[in-house]
Amino acid sequence: MNCMPSKNIWIRRQQCPCGDWKCYVTYEGDSEETSLAAQLVKNDTSTSEAMVSPYVGMVFKSDDDAFEYYGNFARKNGFSIRKERSRLSPQLGIYKRDFVCYRSGFAPAKKKPTGEHHRDRKSVRCGCDAKMYLSKEVVDGVSQWFVVQFSNVHNHELLEDDQVRLLPAYRKIQEADQQRILLLSKAGFPIHRIVKVLELEKGIQGGQLPFLERDVRNFVQNRKKVVQENDALITEKRENDTLELLEACKVTKEADEDFVYDFTVDENDKVEHIAWSYGDSVHAYTMFGDAVYFDTMYQSITYGMLFGAWLGIDNHGRTIFFGCVLLQDETPRSFSWALQTFVRFMRGRWPQTIITDLDTGLRDAITSELPNTKHVISLWNILPKVSSWFSVSLGSRYAEFKSELDVLYRVESTEDFELQWNQMNLIYGLSTDKHIALLHSFRASWALCYMRGCFVARMATTDYSKSIEAFLKGVFSTQTCLRSFFEQVGISANFQNQARREMQYMHTKTCIPIEEHARSILTPFAFNALQRELVLAMQYAVSEMPNGSCIVRHFKEIDGERLVIWIPEDEQIHCSCKEFESSGLLCRHLLRVFIVKNYFQLPDKYYLNRWQRESSLDFYDPHITQNSDDQWYQDYQCLAETLFTESSITKERSEYVQREVTTHLTRILNEVRNMPESEGVAMDLTFSPAG
């Protein structure tokens with residue numbers, strides 16, 4: 001069965017986690033016209049800028065550009081325009097365009113109707129002569145459109161800003177509003193109630209929507225029949241495509257025994273949920289599965305399914321793919337099945353930490369299925385919702401509110417957090433707000449005072465969020481059927497997990513032996529992070545206490561003081577900032593104490609395996625390491641890793657290795673190609689290094 005393309009299958013989840021189905025979240029950047037607020041800002045900005053009136057000789061790249069420009073000019077001057085005539089030639093195609101005022105010309109005479117019920121609409125046309133005529137010319141092989149006539153003389157009154165927006169040319173219902181209108185209509189809301197809900201959600205006064213109630217009524221009537229027909233087609237398409245996806249999983253399993261998948265069926269024996277993962281993903285999880293990000297931000301509007309992806313971070317700071325799932329709904333039961341299946345795919349090993357979006361159903365499932373796993377919600381999962389919830393209601397006070405929320409996020413103690421939280425609610429009148437109550441119920445998963453020391457492997461950062469967005473864009477680049485989507489997930493996962501590691505050398509910035517030693521052990525990503533802390537450590541003073549512990553202060557006391565507990569017998573060291581527990585890399589405070597105590601190398605226990613060069617995935621191939629009797633590949637891998645480690649210490653070494661390796665490998669490759677292709681014995685050997 002062939003895939004039938006569908007437009008815009010995957011969109012961000014808009015349902016608000018507060019549980020109110022009438023409440024939804026808008027995200028900045030999804031579309032220029034996602035909300036009325038964005039539209040009003042855009043209009044206000046463009047209005048404030050001086051716009052040049054069209055003139056004879058003005059040049060445009062295309063007639064569409066000219067129409068858009070003239071349309072913007074018309075709106076700012078109280079009228080709208082329409083396309084009148086165009087002229088065609090065999091050589092140039094359309095070479096003349098006439099744009100005129102919407103009141104240009106006169107209405108044609110109509111025959112008197114014979115029916116009893118007749119609406120005698122008065123025409124708005126009054127013979128206005130305002131116009132802009134264009135002609136196309138080819139200059140140096142490039143087509144250009146020139147204004148050949150222009151008049152801005154009207155024989156009618158021009159409209160004010162609050163009136164011109166109601167002209168038919170400017171009354172457009174954007175796609176986001178269309179989806180909301182159809183949802184409310186399907187739920188039984190009458191038209192006037194739909195309009196009221198939209199006004200309340202956008203935080204505007206009545207009559208300020210960019211369309212009228214009758215526009216909503218006409219839209220619903222026109223779409224009702226289409227929606228009913230589409231529902232039946234989508235149901236059939238979803239069933240067929242899901243079966244194709246299941247068949248693709250079976251075929252992949254037959255070709256690759258390390259591939260794993262599972263699915264459930266509903267009471268009608270229809271496929272309900274389906275999850276899958278790959279052999280190299282399972283292997284990667286054994287090394288980097290300590291912290292997992294479970295992304296559930298996207299859903300299919302064609303199939304009504306939620307997409308979830310389990311992702312991690314490797315020792316080079318790259319996003320790695322562990323597995324994914326398609327869910328029929330967003331209930332705790334569905335999320336529980338997804339988590340159970342993931343742990344089974346990963347051979348019974350659950351992560352120390354799981355990072356997710358703010359979702360009550362998912363939280364309940366994690367509590368039930370992963371009781372020993374810490375649940376974390378990163379700040380970059382929360383801020384877009386905070387903006388959607390409070391920016392309109394708080395108005396000009398929102399910026400101040402957001403700053404206070406950021407201060408609360410960094411508060412040291414839980415007691416101070418609760419006190420300042422209550423004060424903030426009183427100041428901004430949010431004590432009874434359902435969204436502020438929701439945030440408070442999740443505080444143990446996002447406020448630093450509750451989750452300090454929770455291991456997140458440097459995943460709760462803006463850079464990591466951008467990496468995830470880039471990965472998901474690759475996954476959703478195929479906007480067709482589920483089978484094509486399955487194939488695209490495989491391509492993106494393989495590319496992500498086997499991304500080529502760039503050869504790079506690492507500069508030292510201090511003369512401290514600890515830095516030189518760390519450079520030989522850590523990957524460039526981990527070393528750079530430790531190096532930043534080591535440089536900053538030099539700005540701190542250490543005061544030793546009678547019990548052997550230390551107080552570490554910045555020389556300007558910018559970030560207060562930290563308590564470092566030192567147990568010399570077994571070289572145990574702990575800092576109150578708990579950065580090592582959080583990222584697996586020592587903080588500036590602990591490094592300063594090690595320096596003061598004359599350590600030239602850090603104890604091995606403070607170099608976690610997950611950040612060491614030796615933990616690389618770059619040359620992993622399960623078929624070779626499990627099935628080959630020869631040792632040549634293992635020897636080659638060991639030599640290549642050692643060479644990479646040694647060459648990355650200095651720029652001179654790096655350049656030498658790149659030059660010599662290229663020369664010698666090219667020579668060897670040419671010699672191998674000149675050898676006989678077969679000695680009568682078939683050799684099944686797959687070699688696919690990612691580095």
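Which residue in β10 is the bridge partner of Tyr-298? In β10, that partner is Phe-307. This is a predicted model, where local features need pLDDT of at least 70, side-chain atom pairs count only at pLDDT 80 or more, and totals for chains, interfaces and linings use all residues. Residues are numbered from 1 along each chain as its sequence is written, and side-chain values use heavy atoms, with hydrogens and water left out.

- Two strands count as paired if DSSP finds at least two bridges between them.
- β9 (residues 291–300) pairs with β10 in the antiparallel sense over 5 bridges.

**How enclosed is β10?**

- 8 of the 8 residues of β10 (residues 306–313) are buried, so the strand is largely enclosed by the rest of the structure.
- Buried means under 20% relative accessible area, exposed over 50%, and partly exposed in between (1.4 Å probe, protein chains only).
- Both faces are covered: Trp-310 is among the buried residues on one side, and Phe-307 is among those on the other.

**An open sheet**

- Five strands form an open sheet with antiparallel pairing, in the order β2-β6-β5-β4-β3.
- β2 (59–60) and β3 (81–89) each have a single partner strand, so one side of each is left without a neighbour in the sheet.

Key
Helix = DSSP H or I, 4+ residues; strand = E, 2+ residues; numbered from the N terminus.
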